[in-house]
Amino acid sequence: MEDQIAQWRQFLRRRRAIESADIEELEDHLRSQVTLLSDAGLAGDEAFLVAVKRMGSLDELSREFAREHSERLWKQLVIGDGDSPTAQAMLRSDAFVALGLAVAAALSMKAPALFGHEFTEQSTFYPRNVSLLILPHLAGYFAWKRGLGVMRTLLLVLPFAVGAVFANIYPFAGPRSNTAMLTALHLPIALWLAVGVSYAAGHWFRGNTRMDFVRFSGELFIYYVLLALGGGVFIMFTILMFNAIGINAELLVQKWLLPCGIAGALLVGSWLVEAKQSVIENMAPVLTRVFTPFFTILLLAFLATMAWTGKPIDVQRNVLIAFDLLLVLVVGLVLYAASARDLSAPPNLFDRLQLLLILSALLVDILALAAIAARISEFGFTPNRVAALGENIILLVNLVWSAVVYARFLTGRSSFAALERWQTAYLPIYSAWAAFVVVAFPPLFSFI
């Protein structure tokens with residue numbers, strides 16, 4: 001009997017969603033079942049087999065643990081362990097669907113060429129519409145994978161249809177139009193929430209689903225960058241090889257490889273995140289811990305230099321974009337570090353470093369807001385200044401309350417889970433502001 005239980009334990013340890021404490025609990029339950037069956041008159045071997053049968057398939061048990069402990073799911077791959085033919089069939093069908101949608105997204109990027117819109121043209125058509133050409137395929141992938149059904153899937157079409165209307169019916173004033181560029185920058189942010197709703201499959205307000213989507217977004221970004229780097233090397237070798245035989249491949253790269261690769265890589269990266277989450281587990285949190293000190297030093301050095309020289313921030317469009325991207329990156333580092341942290345662990349040095357990063361970013365945001373306000377009071381309102389003002393106010397509130405929650409956690413007055421709840425509940429506000437910029441700015445500033 002003990003040999004059989006030992007073999008059962010060894011087999012159970014290979015199910016990555018089940019940890020040692022879970023195995024101890026399950027073994028106690030198994031032994032209780034064996035004892036009850038033995039008292040009922042069954043032989044030892046018979047009692048063991050019946051008890052294991054009653055506990056259910058270990059593959060199903062692993063998946064049940066993954067559902068109950070969703071924070072493990074992004075770290076520990078359950079589906080595709082290789083033991084279950086059903087899991088292998090699901091993995092293959094998932095790969096085929098993802099590949100098919102990647103091809104469809106690539107063809108969508110080329111479809112506007114049939115109507116005279118080339119990827120290389122100097123206009124805002126592609127910047128304004130690239131998210132509308134790619135993200136519906138990604139939302140469709142999750143709708144299929146999560147089994148949303150026809151009605152819910154059709155409802156997901158609505159935000160993309162509304163986005164397409166607002167991105168294309170407004171009379172943008174040429175390729176250098178401020179509102180056209182703001183639409184290109186903010187529409188993907190607004191539509192990314194629709195992808196998140198598809199990812200959550202109707203469970204956006206339940207459990208840790210929003211944090212799971214944050215993890216997916218961060219890991220997808222890493223995979224996409226890696227794919228982009230590999231694609232850049234591929235493009236370089238393509239040009240060199242064709243040039244070696246007297247053929248200029250730059251037109252092929254500009255018209256086909258770049259647009260199709262940009263679209264297809266997003267779907268392929270999403271499939272990799274879903275199918276190979278355990279592969280990225282050790283990389284993403286490490287990158288977060290590596291870059292957090294660097295960005296903290298960068299922000300502190302920036303503040304020290306400003307204090308030493310007394311030079312104000314030069315509020316130009318490119319400078320505003322760079323500042324906002326830096327602050328968003330800081331928020332992303334904090335949020336992703338929170339998603340990778342053990343919620344039950346006590347405060348440590350890295351948590352204090354995170355608080356220092358938040359406080360330094362908060363000071364930079366205040367300086368940027370002061371510079372924007374001074375610029376508006378001197379030269380008036382423009383789409384870029386108003387958009388930057390709103391974004392920095394949103395970031396200011398987020399950073400202030402994140403600092404408060406972190407300080408409360410470090411002093412033992414609240415749990416770390418409070419930061420997760422605050423950060424994820426704040427996600428729709430970013431998309432709401434982006435949607436407001438896309439919808440309201442073009443007609444508003446056309447009359448100013």
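Biologist: Is Lys145 buried, partly exposed or exposed?

Modeller: Lys145 counts as partly exposed, at 31% relative accessibility. Buried means under 20% relative accessible area and exposed over 50%, with partly exposed in between (1.4 Å probe, protein chains only).

Biologist: Before we go on, what am I looking at?

Modeller: This is a predicted model, so local features need pLDDT of at least 70 and side-chain atom pairs count only at pLDDT 80 or more, while totals for chains, interfaces and linings use all residues. Residues are numbered from 1 along each chain as its sequence is written, and side-chain values use heavy atoms, with hydrogens and water left out.

Biologist: OK, back to the lysine. Which side chain does Lys145 meet in a salt bridge?

Modeller: That of Asp94, at 2.8 Å from N to O. A salt bridge here is a side-chain nitrogen of Lys or Arg within 4 Å of a carboxyl oxygen of Asp or Glu. Asp94 lies in helix H6 (residues 85-110) and Lys145 in helix H7 (residues 125-146), so the pair ties together parts that are 51 residues apart in sequence. Helices are DSSP runs (H or I, at least four residues), numbered from the N terminus.

Biologist: And Asp94, buried or exposed?

Modeller: Buried, with a relative accessible area of 4%.

Biologist: How many salt bridges does a search of the whole structure find?

Modeller: It finds 3. Another one joins the side chains of Arg146 and Glu274, at 3.1 Å from N to O. Arg146 sits in helix H7 and Glu274 in helix H11 (residues 250-275), 128 residues apart. Arg146 is partly exposed at 28%, whereas Glu274 counts as buried at 12%.

Biologist: What about Asp212, which residue does it form a salt bridge with?

Modeller: Arg215, with the closest N and O atoms 2.5 Å apart.

Biologist: Changing topic: how many residues are in the largest nonpolar core?

Modeller: It has 38, and Leu299 and Phe441 have the most contacts inside it. A nonpolar core is a set of buried Ala, Val, Leu, Ile, Met, Phe, Trp, Tyr and Cys residues joined through side-chain atoms within 4.5 Å.

Biologist: Which helix gives the most to this core?

Modeller: H16, with 9 residues.

Biologist: And what is Phe441 in contact with?

Modeller: Leaving aside neighbours within four places in sequence, its contacts (heavy atoms within 4.5 Å) include Thr179, Leu182, Pro383 and Trp433.

Methods. Helix = DSSP H or I, 4+ residues; strand = E, 2+ residues; numbered from the N terminus.
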